[in-house]
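Biologist: I have a structure to go through with you. Could we look at it together?
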Amino acid sequence: LAVGRISRDPSLDLGHRLDYVILQEECETPRALVRFVDFGKLSSAFIGPLNPGFCEVAAHLGENWNKAIFSWMCINYKLDSTIHHNAFARTLPSPTQILLTIMKYFKWAHVGIIASSDDIWMYTAKESATALRNHGLPVGIVTSVHKGEKGIEDTWNKIKEVNNIKIILLCMHSALIGGQEQAALLTKALEMGLADGRYIFVPYDTLLYSLPYQNNSFSVFDNDSKLREAYDAVLTITLQSGERTFYDAFREAKESGEIIRDLEATQVSPLFGTIYDAIYFMAMAMDSARRKGVRASGANIAEHTKNFSFPGFSHQVETDSCGKGLNNYVILDTDGQGNQLFPTHLLDVSSGSVLPLGQAIHFPNEIPPKPDSSCWFDPDVLCTEG
């Protein structure tokens with residue numbers, strides 16, 4: 001869809017015909033990396049990788065091959081150095097940066113991270129922990145979910161042993177778009193009395209796309225009162241929707257005959273929109289480099305991602321004068337009873353500020369976790385005595 005629209009877009013002058021090849025990324029990280037090395041000859045630029053486990057190596061290879069890499073999933077904090085990684089560009093703000101801003105606003109510093117046992121999510125958890133620790137925050141535990149009900153119980157017992165945790169980051173597919181593991185994990189937390197407001201559960205993957213929340217009810221809650229109750233302890237952070245949600249944009253593309261697959265919008269992950277935007281983002285960079293008369297090399301394309309504004313799949317995509325994404329995020333919350341999510345706060349990425357939207361967060365038992373000392377968020381102060 002993206003490539004088709006780019007080729008018909010009269011405002012873009014790429015000087016090349018754009019075509020794509022889908023590179024199947026292996027699930028195990030070492031094998032995925034070996035496959036990636038094979039792809040070097042096949043493509044002029046890359047959208048990916050999906051696994052943060054080999055982002056840094058992929059970025060080094062991209063430089064070596066002089067091919068740009070555009071990624072929304074890479075969170076390795078070292079990649080933000082343009083001196084060391086000049087052929088790498090993020091198509092979304094770094095998820096850990098978004099988390100940091102929100103944690104600072106609520107003064108919740110102590111983090112626990114639970115990952116699905118898939119390689120991609122275990123590396124996401126590991127890299128997130130490294131990035132948060134690099135900012136001086138105490139990550140008390142990084143663990144993966146063990147299989148079966150007993151395994152999930154063991155995971156929660158491990159978490160309980162760690163003191164002071166306020167936020168638990170869930171690195172796995174969101175229960176709202178079919179993530180069974182997260183649903184089972186949250187339900188077990190409720191049964192064990194851990195969804196009583198002592199922790200805030202934050203799904204990781206909704207940071208990577210725009211979850212449709214306006215006028216949308218989530219059927220996953222309809223026949224599952226336990227999950228609905230457990231979700232009261234969850235705060236969902238996602239890209240702010242534009243005037244249309246992802247589902248609206250998908251239906252429009254279907255009605256216009258551009259998408260011919262017989263799929264309902266709700267059967268498609270909103271990550272579709274993120275990938276679409278990443279491909280358009282790359283085309284905008286190629287166009288910008290060409291207008292300035294520079295050769296379309298990897299570093300040149302990655303360099304020309306500044307001061308963009310273009311219509312993404314379901315919302316406007318913008319970057320600042322350094323090429324950083326300016327998409328805003330919202331914090332969504334349920335009322336603990338219904339099947340809808342409501343925006344409570346807006347994260348303005350350009351100013352790094354969090355703004356209340358007039359709808360208070362509904363905490364279980366109406367008590368938020370106790371705030372941590374603000375020294376955790378001051379890079380010049382060392383925290384002592386806890």
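Biologist: What is the strand order in the open sheet of 3 strands?
Modeller: Please note that this is a predicted model. The order in that open sheet is β1-β2-β3, and the pairing is parallel.

Biologist: Which strands stand at the edges?
Modeller: The edge strands are β1 (45-47) and β3 (88-90). Each has a single partner strand, so one side of each lacks a neighbour in the sheet. On average, neighbouring strands of this sheet are turned by 15° against each other, direction ignored.

Biologist: Over how many bridges do β2 and β3 pair?
Modeller: Strand β2, residues 68-71, pairs with β3 over 3 bridges. Phenylalanine 88 in β3 is the bridge partner of isoleucine 69.

Biologist: What span should its 21 residues have?
Modeller: At 1.5 Å a residue, α10 (residues 271-291) should span 30 Å, and its end C-alpha atoms are 30 Å apart, which agrees. Glycine 293 follows α10 and has a positive phi, near 75°.

Biologist: Now serine 241: buried or exposed?
Modeller: Serine 241 counts as buried because its relative accessibility is 7%, and the cut-off for buried is under 20%. Serine 241 sits in the loop between β8 (236-239) and α9 (246-255).

Biologist: Which residues does serine 241 touch?
Modeller: Leaving aside residues up to four places away in sequence, serine 241 touches Ser210, Leu211, Tyr213 and Gln214. With serine 210, the side chain of serine 241 makes a side-chain polar contact of 3.4 Å.

Notes:
Residues are numbered from 1 along each chain as its sequence is written. This is a predicted model: local features need pLDDT of at least 70, side-chain atom pairs count only at pLDDT 80 or more; totals for chains, interfaces and linings use all residues. Side-chain values use heavy atoms; hydrogens and water are left out. Helices (H or I, at least four residues) and strands (E, at least two) are DSSP runs, numbered from the N terminus. Buried means under 20% relative accessible area, exposed over 50%, partly exposed in between (1.4 Å probe, protein chains only). A polar contact is a pair of N or O atoms within 3.5 Å; within protein, one must be able to donate a hydrogen and the other to accept it, and residues adjacent in sequence count only if both atoms are side-chain atoms. Contact means heavy atoms within 4.5 Å. The expected span of a helix is 1.5 Å times one less than its number of residues. Two strands pair if DSSP finds at least two bridges between them. Axes are lines fitted to C-alpha atoms, for helices over the stretch in contact, and angles run from 0 to 180 degrees between N-to-C directions.
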